[in-house]
Amino acid sequence: MSTAASITLTTALRVCEAAVGEAERAGALVSVAVVDAGGHLVAFMRMDGAEIAGPVLAPDKAYTAVANRIATHELAEQAAPGGPLFGLHAHASGRFVIFGGGVPLRLGDRVIGAVGVSGGTVTEDVACAHAGEQAWRQAITAERRHS
């Protein structure tokens, strides 16, 4: 299970499975990535037939969410022309993705990782990422009960 300091492979796979489950319910084909607090990939899943850009975009959405400590759909508003973070997408060697599908995984005020989803509509990607986040929260809650 996950600990306060890290996201284990077992928990990251549960996050991916929950996001894929939400995609199946929505009729979307997605790629899902989970990264740790340093933005390093812990787990990745790509549904059969998902877009070819997903293996790049899903990890980058997760990386963006963890690096900026904000969901990418919220970051998009701030990074729009005239916004306080306009131009952000041009940083980090172009790795920052400023459209929906990346959600940080928070434990209190700490961001310990993130989930990124790509392949559906922005709304579907956000919903799938939130399903992954919910699975992560359930894993954390279960772990706390057993410790």
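Two strands pair if DSSP finds at least two bridges between them. The model described here is predicted.

**The sheet**

Four strands make an open sheet, and their order is E2-E1-E4-E3. The pairing is antiparallel. Strand E2 (41-46) and strand E3 (102-107) are the edge strands. Each has a single partner strand, so one side of each lacks a neighbour in the sheet. Between neighbouring strands the average turn is 15°, direction ignored.

Strand E1 (residues 31-36) is joined to E2 by 5 bridges, and the two run antiparallel. Two of the facing positions are known by residue. Val34 of the pairing stands opposite Ala43 in E2. Val32 stands opposite Met45 in E2. E1 and E2 also form a hairpin, with 4 residues between them. Gly39 sits in the turn and has a positive phi of about 80°.

**A helix on the sheet**

Helix H2 (residues 54-68) packs on the sheet. H2 touches E1, E2, E3 and strand E4 (110-118). The direction of H2 makes about 155° with that of E4.

**Two helices together**

Two packed helices are described by the angle between their axes and the distance between the axes. Helix H1 (residues 9-26) packs with helix H4 (residues 122-146) at about 140°, and their axes are 8 Å apart.

On the H1 side, the contact includes Thr11, Arg14, Val15 and Ala18. On the H4 side, Cys128, Gly132 and Trp136 are among the residues in contact. By class, the contact has 11 nonpolar, 2 polar and 3 charged residues.

**An aromatic pair**

How many aromatic pairs does a search of the whole structure find? The search finds 1. Tyr63 and Phe96 form this pair, and it is stacked. Their centres are 6.1 Å apart, with 25° between the planes. Tyr63 lies in helix H2, while Phe96 lies in the loop between helix H3 (72-79) and E3. The pair therefore ties together parts that are 33 residues apart in sequence.

**Angles side by side**

| Elements | Angle |
|---|---|
| H2 and E4 | about 155° |
| Planes of Tyr63 and Phe96 | 25° |

Note on methods. Residues are numbered from 1 along each chain as its sequence is written. This is a predicted model: local features need pLDDT of at least 70, side-chain atom pairs count only at pLDDT 80 or more; totals for chains, interfaces and linings use all residues. Side-chain values use heavy atoms; hydrogens and water are left out. Axes are lines fitted to C-alpha atoms, for helices over the stretch in contact, and angles run from 0 to 180 degrees between N-to-C directions. Contact means heavy atoms within 4.5 Å. Ala, Val, Leu, Ile, Met, Phe, Trp, Tyr, Cys and Pro count as nonpolar, Asp, Glu, Lys and Arg as charged, and the others, Gly among them, as polar. Rings of Phe, Tyr and Trp (its six-membered ring) pair if their centres lie within 6.5 Å; planes under 30 degrees apart count as stacked, over 60 as edge-to-face and the rest as tilted.
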